[in-house]
Amino acid sequence: ICDAGETPRTCPSDCVVKSLKARSKSNASSGGQMFTVRATKDLTVFSFDIVGNKGGKDNCVVYTRAGDYQGYEETTVGWELVLDKDIAVGKGVRSKLGALDKEVT
């Protein structure tokens with residue numbers, strides 16, 4: 001269990017790191033994926049891995065919002081930018097985005 005102010009990065013001995021996998025396959029022309037996380041315990045998201053539809057360099061942005069994304073897909077209202085970074089990806093290969101600019105709790 002992490003104490004107040006601890007993260008898996010600052011106290012890995014008692015903070016559990018879990019990996020979640022999106023169930024859907026993205027559409028190559030979608031430009032991204034949205035999903036809702038419903039946590040039953042305290043949760044901090046500090047990084048993502050992605051799988052590219054093609055290899056190369058691209059810009060990756062990650063946004064978060066409290067509550068569901070549904071109904072907010074076409075608006076910037078209520079979204080917070082937590083990563084804006086150029087990354088290299090491989091086709092069909094997991095690529096690490098690295099740490100988010102701001103952890104999401």
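Predicted model: local features only at pLDDT ≥ 70, side-chain atom pairs only at ≥ 80, totals over all residues.

Ala-88 touches Gly-56, Lys-57 and Ser-95, leaving aside residues up to four places away in sequence, where a contact means heavy atoms within 4.5 Å. Residues are numbered from 1 along each chain as its sequence is written, and side-chain values use heavy atoms, with hydrogens and water left out.

Ala-88 is found in strand 3, and a strand here is a DSSP run of E with at least two residues, just as a helix is a run of H or I with at least four, both numbered from the N terminus. The C-alpha atoms of Ala-88 and Lys-57 are separated by 4.3 Å, although these two residues are 31 apart along the chain. Is Ala-88 buried or exposed? Ala-88 counts as exposed because its relative accessible area is 54%, and the cut-offs are under 20% for buried, over 50% for exposed and partly exposed in between, with a 1.4 Å probe and protein chains only.

One of the contacts of Ala-88 is Ser-95, which has its place in strand 4. Ser-95 is buried, with a relative accessible area of 8%, and its contacts, again without residues up to four places away in sequence, are Phe-48, Asp-49, Ile-50, Ala-88, Val-89 and Gly-90.

Let me step back to the whole chain. There are four strands and zero helices, so the order of elements from the N terminus is β-β-β-β. Of the 105 residues, 16% count as buried. Among contacts between residues at least 6 apart in sequence, 61% join residues at least 24 apart.

Now to the inside. In soluble globular proteins, nonpolar side chains tend to be buried together. Which residues make up the largest nonpolar core here? That core has eight residues, namely Cys-60, Val-62, Val-82, Leu-83, Ile-87, Val-89, Leu-97 and Leu-100, and by a nonpolar core I mean a set of buried Ala, Val, Leu, Ile, Met, Phe, Trp, Tyr and Cys residues joined through side-chain atoms within 4.5 Å. Strand 2 (56–64), strand 3 (80–89) and strand 4 (94–104) each supply at least two residues of this core, and strand 3 gives the most, with four residues.

Leu-83 touches Cys-60, Val-61, Val-62, Leu-97, Ala-99, Leu-100 and Asp-101, not counting residues up to four places away in sequence.

Next come the charged pairs. Side chains of opposite charge can pair when their charged atoms come close. A search of the whole structure finds four salt bridges, a salt bridge being a side-chain nitrogen of Lys or Arg within 4 Å of a carboxyl oxygen of Asp or Glu.

In one of them, Arg-38 and Asp-68 meet at 2.8 Å, N to O. Arg-38 lies in the segment before strand 1 and Asp-68 in the loop between strand 2 and strand 3, so this pair ties together parts that are 30 residues apart in sequence. Arg-38 counts as exposed at 63% relative accessibility, whereas Asp-68 counts as partly exposed at 30%.

Asp-49 also forms a salt bridge with Arg-94, the closest N and O atoms being 3.9 Å apart. That pair links strand 1, which holds Asp-49, with strand 4, which holds Arg-94, across 45 residues. Asp-49, Arg-94 and Lys-96 are linked in a network of salt bridges.

Finally, the aromatic rings. The search finds one aromatic pair in the whole structure, and Phe-35 and Phe-48 form it edge-to-face, at 6.1 Å centre to centre with 70 degrees between the planes. For this term, rings of Phe, Tyr and Trp (its six-membered ring) pair if their centres lie within 6.5 Å, and planes under 30 degrees apart count as stacked, over 60 as edge-to-face and the rest as tilted. Phe-35 is partly exposed at 45% relative accessible area, and Phe-48 is partly exposed at 25%.
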